[in-house]
Amino acid sequence: MNAIANMARLTKAGATIAWSGARVLPDHANLPGPLGVFGRVTAPLRKNGRASGNEARLSKALTSLGPSYIKLGQFLATRDDIIGRELARDLSTLQDRLPPFSQEEAVKAVEEALEAPIEQLFVEFGPPVAAASIAQVHKAKVKTPDGTLKEVAVKVLRPGIEQRFQKDLDSYFFAARMIERFHAPSRRLRPLAVVDTLAKSVAIEMDLRMEAAAISEMADNSKDDEGFRVPQVDWTRSARRVLTLEWIDGIPIAEHDKLHAAGHDLKELGARLVQTFLRHAMRDGFFHADMHPGNLFVDDKGRIVAVDFGIMGRLSMKERRFLAEILHGFITRDYLRVAEVHFDAGYVPRKHSVAQFAQALRAIGEPIMDRPASEISMAHLLGQLFQYTEVFDMETRPELLLLQKTMVVVEGVGRNMDPDLNIWVTAEPVVKEWMESQFGAGARFEQAAESAASVGRFMGDIPKFLLQAERTVDAFTAMVEEGMHLDDHSVERLAEAQGRRGRWTRIGVWVGAIALVAIALALVF
């Protein structure tokens, strides 16, 4: 029954998008089964609506489908390895804006989450000033211990948002399973893993304690960074469904006339923003992954202030070293070194030729390097690099794709402030500083000390490892001699479960296929 319910939800979404005339599938895509029929039948709708612009039609359709489809669209905009560059570009304009829910519902949600009357929590609690798919923000005032009033921003989750997302996520998982089962070429892109990443991201975003923790972590990481800061968290007025922060009174970074009038140097701000983002990604392995102009302000001290920490990116040390090495390799045009880094990191299988991969990297790097400094894009370079995933069997790295997409936005904001911004010159000090900290003499001494400590811990654990190995050998020996047995009841239950799952899956797929074709025909005729 779950399969039928999921197919019904997906059919409704497909019909809504088809009726809008938006294009979500390549014209000559080789689609499996029902999707192929649906794509062919609805092709006239997509062709008739092209002139008005796919971005607007697609945004309108996804917004009408609700919060979870807005998030899906924004998430897929970062995965052009899956949906292609053209569709990813169309989705990049999708705005996360919805009408606000009522003041009464917001007050009730705050009181339930913080377990106190609104009058006890806030001196003033104003109407919503911004509303998005998951939450909305209210401006409020609190009384500080010294008796003064302080303005705060209160973020409140939409009522019932968790249940709505769970239903739609179930549909996404169902679709991903069907794609992996019936469309072998798509398995390399790991659709189930993609949906799982989205589900985890949404779960974190819907627990506002996690956003508060992200702000706190970035505050610790950047406490010594000049010219950048984050809002302070009011932990006493924050919970899973409510987040209270310092209210930021600053100039939006996109309002250049106001920044000029306040005496700020736009070129310096643009370079500082790029360097700050790279420093967070490479030094800390933790970066703000939603740095569009609406989330960036400049305060009266000239500091860049970031808000909205619902989407964050993390890079392990391995990925940070990989990023630094390839950036340094492209800067110095050492393409063989960049290729070796890919193989050493395990991102390209050893069955491929290092020299041939270096040749492909040269084809990417040389055209970019010969352009004027103002036209060189680090994000574009990384994007072209990731397009070689299929040719060289490179496994998709979602965290690096998120970094690249965020870099596109950061570069765009920086170049809007300084059209002549030289990305390589701006990035080089950050990359060089990080590489010296990791590969210099001091770093090697620290690594040697850590290695010695690790060896010591390993030696101490040897008796435990030997005991575990002995038990494993005994278990395998017993299995070889006696075989592995299942009782009759277990065998019957396994067979019954397998048959039931296969039967309902087949029924769900065919019901969905019939429904898709019926709705598509109704839309066309």
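**Helix packing and nonpolar cores**

Helix H15 crosses helix H20 in a left-handed sense. The model is a predicted one. H15 spans residues 317-332 and H20 spans residues 423-439. Their axes lie 10 Å apart, at an angle of about 130°.

The H15 side of the contact is formed by Met317, Arg320, Arg321, Ala324, Glu325, Leu327, His328, Phe330 and Ile331. These residues meet Trp424, Glu428, Val431, Trp434, Met435, Gln438 and Phe439 of H20. By class, the contact residues comprise 10 nonpolar, 2 polar and 4 charged.

The largest nonpolar core contains 112 residues. Helix H14, residues 266-284, supplies the largest share of this core, with 9 residues. Phe357 and Leu361 have the most contacts inside the core. Beyond its neighbours within four places in sequence, Leu361 touches Phe330, Tyr335, Val338, Ala339 and Leu385. A second core is separate and has 18 residues. Among them are Ala106, Val107, Val110 and Ala239.

The protein chain as a whole has 22 helices and 10 strands. Of its 525 residues, 46% are buried. Contacts between residues at least 6 apart in sequence were also examined. Of these, 68% join residues at least 24 apart.

Technical notes
Residues are numbered from 1 along each chain as its sequence is written. This is a predicted model: local features need pLDDT of at least 70, side-chain atom pairs count only at pLDDT 80 or more; totals for chains, interfaces and linings use all residues. Side-chain values use heavy atoms; hydrogens and water are left out. A nonpolar core is a set of buried Ala, Val, Leu, Ile, Met, Phe, Trp, Tyr and Cys residues joined through side-chain atoms within 4.5 Å. Buried means under 20% relative accessible area, exposed over 50%, partly exposed in between (1.4 Å probe, protein chains only). Helices (H or I, at least four residues) and strands (E, at least two) are DSSP runs, numbered from the N terminus. Contact means heavy atoms within 4.5 Å. Axes are lines fitted to C-alpha atoms, for helices over the stretch in contact, and angles run from 0 to 180 degrees between N-to-C directions. A crossing is left-handed if the near helix is turned anticlockwise from the far one by less than a right angle, and right-handed if clockwise. Ala, Val, Leu, Ile, Met, Phe, Trp, Tyr, Cys and Pro count as nonpolar, Asp, Glu, Lys and Arg as charged, and the others, Gly among them, as polar.
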